[in-house]
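Welcome! Here is a short briefing to read alongside the sequence and the 3D view, grouped by topic.

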Amino acid sequence: MMQKYKEKRKFLRVGVKQLTSIIKTQGGGYELIKESLKSTPALINIKDISVGGLRVESKLQIKKGIFLELTIPKVKTLDAATVTCEVTR
């Protein structure tokens, strides 16, 4: 008999893959960030979500202006999804 596993984590675990990005630095110049070859698992706490975006807390440091793919696993009745995101703050 197969047992149903119940998620007990407080934080959602997701894969984050950094895409090639050109970001504006604080000094007014630009910096090229190369795409990562694989996704990195990270624990994040989703603080709020809306049609315009989502706010997360994580120990993972990501620079403003970076584009990344965020892979969200299936959660209850919501299907898994991968979305492209731009870090704005």
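Glu31 and Lys63 form a salt bridge, with their closest N and O atoms 2.9 Å apart; the term stands for a side-chain nitrogen of Lys or Arg within 4 Å of a carboxyl oxygen of Asp or Glu. This pair links distant parts of the chain, as Glu31 sits in strand 3 and Lys63 in the loop between strand 5 (53-58) and strand 6 (67-72), 32 residues apart. The model is predicted, so local features need pLDDT of at least 70 and side-chain atom pairs count only at pLDDT 80 or more, while totals for chains, interfaces and linings use all residues. Residues are numbered from 1 along each chain as its sequence is written, and side-chain values use heavy atoms, leaving out hydrogens and water.

**Salt bridges**

- The whole structure holds 3 salt bridges.
- Another of them joins Glu35 to Lys17, where the closest N and O atoms are 3.3 Å apart.
- Glu35 belongs to the loop between strand 3 (30-33) and strand 4 (40-50) and Lys17 to strand 1 (residues 12-18), so this pair ties together parts that are 18 residues apart in sequence.
- Arg55 and Asp48 also meet through their side chains in a salt bridge, at 3.2 Å from N to O.

**How exposed the partners are**

- Glu31 is partly exposed, at a relative accessible area of 27%; buried means under 20%, exposed over 50%, and partly exposed in between, using a 1.4 Å probe and protein chains only.
- Glu35 has 41% relative accessibility and counts as partly exposed, and Lys17 is partly exposed at 22%.
- Arg55 is partly exposed at 44%, and Asp48 is partly exposed at 38%.

**The nonpolar core**

- The largest nonpolar core has 10 residues, among them Val14, Ile23, Ile44, Ile66 and Leu70; such a core is a set of buried Ala, Val, Leu, Ile, Met, Phe, Trp, Tyr and Cys residues joined through side-chain atoms within 4.5 Å.
- Strand 1 and strand 6 are the elements that give two or more residues to this core.
- Beyond its neighbours within four places in sequence, Ile66 is in contact (heavy atoms within 4.5 Å) with residues including Ile23, Ile33, Cys85 and Val87.

**Strand pairing**

- Strand 4 and strand 5 run antiparallel and are joined by 6 bridges; strands are DSSP runs (E, at least two residues), numbered from the N terminus, and two of them pair if DSSP finds at least two bridges between them.
- Ile46 stands opposite Val56 in strand 5.

Conventions. Helices (H or I, at least four residues) and strands (E, at least two) are DSSP runs, numbered from the N terminus.
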